[in-house]
Amino acid sequence: METDNLRLSESTYAILLAARNPLHGYGIMLRVKQMSAGRIVIGPGTMYGALKKLIADGWVSVESAGAQKLYTTTSVGLAAARQEFERLNLLVKMYGGDHDA
Amino acid sequence: MRKVEWRLFFAWNEEAELAYLEQRAREGWLLTGYLPLRYEFRQAEPGEYVYQFDYFNGPYAAGEERKAFITAFGWEHILSFAGWQYYRARKGTVESDELYTDAASLQGKYNHLLRLFAGLAVTNLAMAASVLSRSSIGVPGTINLAVALLLTYAAYRTWRRLRVYRDQLR
């Protein structure tokens with residue numbers, strides 16, 4: 001999937017960041033909750049669908065570890081998250097009025 | 001101890017069914033089985049529980065994988081009926097009381113249901129038309145027509161719900 005001019009949903013952005021280290025689905029949810037100071041809690045239905053799509057797009061890879069599956073953000077996924085970070089950063093700067101574009 | 005209750009809930013108003021099941025749990029009755037209109041409960045310690053529905057109608061292995069993923073979050077899978085998956089958790093033991101927590105994934109869930117209701121409505125309408133083309137509509141044709149109307153209404157209510165999620169994504 002192309003990453004140019006893409007807006008990520010809050011859940012997708014959070015999952016990509018949380019899975020920078022290999023984690024199972026429940027672990028990703030806990031990591032997202034921790035990173036967002038408890039504000040973002042992703043339900044299992046949402047997480048399952050999001051991971052399926054991210055794997056299909058090549059943004060997350062999956063490997064089996066016993067009965068569990070471990071998910072890791074790929075370099076393409078990291079690039080998409082970085083692009084979203086820059087977009088959000090620009091929006092924050094605009095609010096403060098210190099953007100010189 | 002077990003008991004059976006008969007109730008009618010429509011697919012477009014799942015909140016009413018969830019509230020009914022959660023109220024029964026408060027009274028010490030946990031759902032164990034479902035057949036159309038028929039709810040079976042077992043007696044348990046009264047408590048605060050949350051129920052949630054998922055919809056999945058696909059290959060067995062994919063369904064099992066999805067179920068295992070959701071139960072790893074602390075949910076108990078109670079039963080499957082015609083693609084509907086019933087889940088339950090004691091309140092406070094799961095991080096989120098909902099399986100779907102953002103507008104995009106809710107849109108995915110209800111888009112799927114909209115296609116299902118619309119498809120079944122068209123099928124029933126075609127069956128009614130087929131009966132009518134051969135003879136007077138009769139009982140089978142009337143049933144097909146009634147089911148088609150009900151499903152059309154279900155599709156309409158699902159479409160209205162989808163519009164809310166669509167607006168949230170703007």
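A salt bridge is here a side-chain nitrogen of Lys or Arg within 4 Å of a carboxyl oxygen of Asp or Glu. The structure is a predicted model, in which local features need pLDDT of at least 70 and side-chain atom pairs count only at pLDDT 80 or more, whereas totals for chains, interfaces and linings use all residues. Residues are numbered from 1 along each chain as its sequence is written, chains are lettered from A and ligands numbered from 1 in the order in which they are written, and side-chain values use heavy atoms, with hydrogens and water left out.

**View 1. The two chains and their secondary structure.** Chain A has four helices and two strands, arranged along the sequence as α-α-α-β-β-α. Helices (H or I, at least four residues) and strands (E, at least two) are DSSP runs, numbered from the N terminus. The C-alpha atoms of chain A fill a box of roughly 50 × 30 × 20 Å along the principal axes. In chain B there are four helices and six strands, and the sequence pattern reads β-α-β-β-β-α-β-β-α-α. The corresponding box for the C-alpha atoms of chain B is roughly 55 × 45 × 30 Å, taken along the principal axes.

**View 2. The interface between chain A and chain B.** In this interface, 19 residues of chain A are in contact with 16 residues of chain B, contact meaning heavy atoms within 4.5 Å. The area buried between the chains is about 1,500 Å², and carbon and sulfur atoms give 62% of this area. Buried area is the accessible area (1.4 Å probe) that two parts lose on being put together, summed over both. Of the area that chain A buries against chain B, Tyr26(A), Pro44(A) and Tyr48(A) supply 42%, more than any other three residues.

View 3. Between chain A and chain B the count is three salt bridges, while the structure holds 20 salt bridges over all chains. One pair crosses between chains, from Glu65(B) in helix H2 (residues 60-71) of chain B to Lys52(A) in helix H3 of chain A. In the salt bridge of Glu65(B) with Lys52(A), the closest N and O atoms are 3.3 Å apart. Side chains of opposite charge can pair when their charged atoms come close. Between chain A and chain B, 10 residue pairs are in polar contact, both residues at pLDDT 80 or more. A polar contact is a pair of N or O atoms within 3.5 Å; within protein, one must be able to donate a hydrogen and the other to accept it, and residues adjacent in sequence count only if both atoms are side-chain atoms.

**View 4. The side of chain A that touches chain B.** Two or more residues each come from helix H2 (25-35), helix H3 (44-56) and strand E2 (68-73) of chain A. H3(A) gives the most, with seven residues. The residues on this side of chain A divide into 10 nonpolar, six polar and three charged.

**View 5. The sheet E1-E3-E2 of chain B.** Three strands form an open sheet in the order E1-E3-E2, with antiparallel pairing; two strands pair if DSSP finds at least two bridges between them. Strand E1 (2-6) and strand E2 (29-35) of chain B are the edge strands, each pairing on one side only. Neighbouring strands of this sheet are turned by 30° against each other on average, direction ignored. E1(B) and strand E3 (residues 38-43) of chain B run antiparallel and are joined by five bridges; the bridge partner of Glu5(B) in E3(B) is Tyr39(B). Helix H1 (residues 14-26) of chain B packs on the sheet, touching E1, E2 and E3 of chain B, and its direction makes about 25° with that of E3(B). Axes are lines fitted to C-alpha atoms, for helices over the stretch in contact, and angles run from 0 to 180 degrees between N-to-C directions.

**View 6. The sheet E4-E6-E5 of chain B.** An open sheet of three strands has the order E4-E6-E5, and the pairing is antiparallel. Its edge strands, strand E4 (49-55) and strand E5 (76-81) of chain B, each pair on one side only. Five bridges join E5(B) to strand E6 (residues 84-90) of chain B, and His77(B) stands opposite Tyr87(B) in E6(B).

How values were computed:
Nonpolar A, V, L, I, M, F, W, Y, C, P; charged D, E, K, R; others polar.
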